Amino acid sequence: MYHFFVTPAQIVDGYAVITGQDVNHIRNVLRMKQGEQIGVRDGISRNYICELETMEPDQIRARILSEEADSSELPAKLYLFQGLPKSDKMELIIQKAVELGAYQIIPVATRRAVVKLDKKKEESRVKRWNAIAESAAKQSGRMMIPEVTGVMSLKEAFHYASGFDRNLIPYELAEGMEETRRVLAQIRPGMQVGIFIGPEGGFDVEEVEQAVAEGIHPITLGRRILRTETAGMTMLSILMFQLEQQD
C-alpha cells in the first residue's frame, strides 16, 4: 500500500484531502483509480487507511476507512549533526538516518570537510536532501518527515544542541567501551539527543576539545575506524535498539 503525508488540517469530516505534488504522483505516476486504498499519516500521531473517492487536478479526497495511533516513531528525538561528506554520500546518510528513526538531520561545515557550498548550491542541495528524507519517510513507514536543515557551522551546531538532554561525539581517541556503555545507558525515552559525526577526515582535535568544553560526551564505536557514512548509522542503530527496548 502506498503512503502519503498530510497536515492535521487536511483531515476534514471523515476525509483526507491530498494536495500538492502527491496529487500528480497518485494520478499520473501511480495511475491509481477511485476505490483504491492508500495510507495517510497526519505527521503527528495518527495513521489512516483511506479509499480514493474524488480525484481532481488540484486535490484528491480520500474517505477514511479506519484510523489508529502510530507507534513507528522512536520515544526520543535523535538529531544527527553530520559533517559534510564528499559526493552523494550525504544522500545515502539522509536516507538511512530517516529509516533508522532520526528526528532531524543537520549538515555541518567542519574544518576537514572538503565540500564547500555557496548559498545557491546550498539551497538546491537542501531542497534535494529534504525530498530524499520525505521519500525515505514514506518507504519506512515514518509518522513524520524528518527535516534536513540548512548547513550550520560547528559553532552554530553546538549552540543549537546546547539545550538537549545529551550530546554525543564518536571519536577514535575516546575512552573505552565501559565509559561508552555508561553514557549510552543514561539515554531514556523523552530525551533530545544530539549525535555529532565528522566528515571523511574526522574532527580536528581542537574541534573535539571545543565539543567537550560544550559538555558533549566523547564515546567510542569500537576498535575499528568507521567511515563517516557508517558512524552515524551505527550510533542511530544502537540508540534505536536501546530506546525501543525501553518503550
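1. Helices in this note are DSSP runs of H or I with at least four residues, and strands are DSSP runs of E with at least two, both numbered from the N terminus. The model is a predicted one, and E229, to which the last point returns, is found in helix α7.

2. An open sheet of 6 strands can be followed in the order β1-β4-β5-β6-β3-β2, and its pairing is mixed. Its edge strands are β1 (3-5) and β2 (11-12), each of which pairs on one side only. Within the sheet, strand β3 (residues 15-18) and strand β6 (residues 60-69) run antiparallel and are joined by 4 bridges; among the residues involved, Y15 has R63 of β6 as its bridge partner.

3. Helix α1 (residues 21-29) packs on this sheet, where it touches β1, β3, β5 (46-55) and β6. The direction of α1 makes about 160 degrees with that of β1.

4. Two packed helices are described by the angle between their axes and the distance between the axes. For helix α2 (residues 89-99) and helix α3 (residues 119-140), the angle is about 35 degrees and the axes lie 8 Å apart, with α2 passing α3 in a right-handed crossing. On the α2 side the contact is made by M90, E91, I94, Q95, V98 and E99, and on the α3 side by R128, W129, I132, A133, A136, A137, Q139 and S140. By class, the residues of this contact divide into 8 nonpolar, 3 polar and 3 charged.

5. Which residues touch the most other members of the largest nonpolar core? In this core of 39 residues they are L80, I94, I105, L236 and L239, while β7 (77-83), α2, α3, α5 (177-185), β12 (192-197) and α7 (228-246) each supply at least two of its residues. Leaving out residues up to four places away in sequence, L236 touches L78, L80, A97, L100, A102 and I195. Another core, of 17 residues, lies apart from the largest one and includes Y79, I106, F158 and V208.

6. Why does E229 count as buried? Its relative accessibility is 18%, and E229 is therefore classed as buried, given that the cut-off for that class is under 20% relative accessible area.

How values were computed:
Residues numbered from 1 in each chain as written. Predicted model: local features only at pLDDT ≥ 70, side-chain atom pairs only at ≥ 80, totals over all residues. Heavy atoms only, no water. Pairing = 2+ DSSP bridges. Contact = heavy atoms within 4.5 Å. Axes fitted to C-alpha atoms, helices over the stretch in contact; angles between N-to-C directions. Left-handed = near helix turned anticlockwise from the far one by under 90°. Nonpolar A, V, L, I, M, F, W, Y, C, P; charged D, E, K, R; others polar. Core = buried A, V, L, I, M, F, W, Y, C linked by side-chain atoms within 4.5 Å. Buried < 20%, exposed > 50% of the residue type's maximum accessible area, 1.4 Å probe, protein only.
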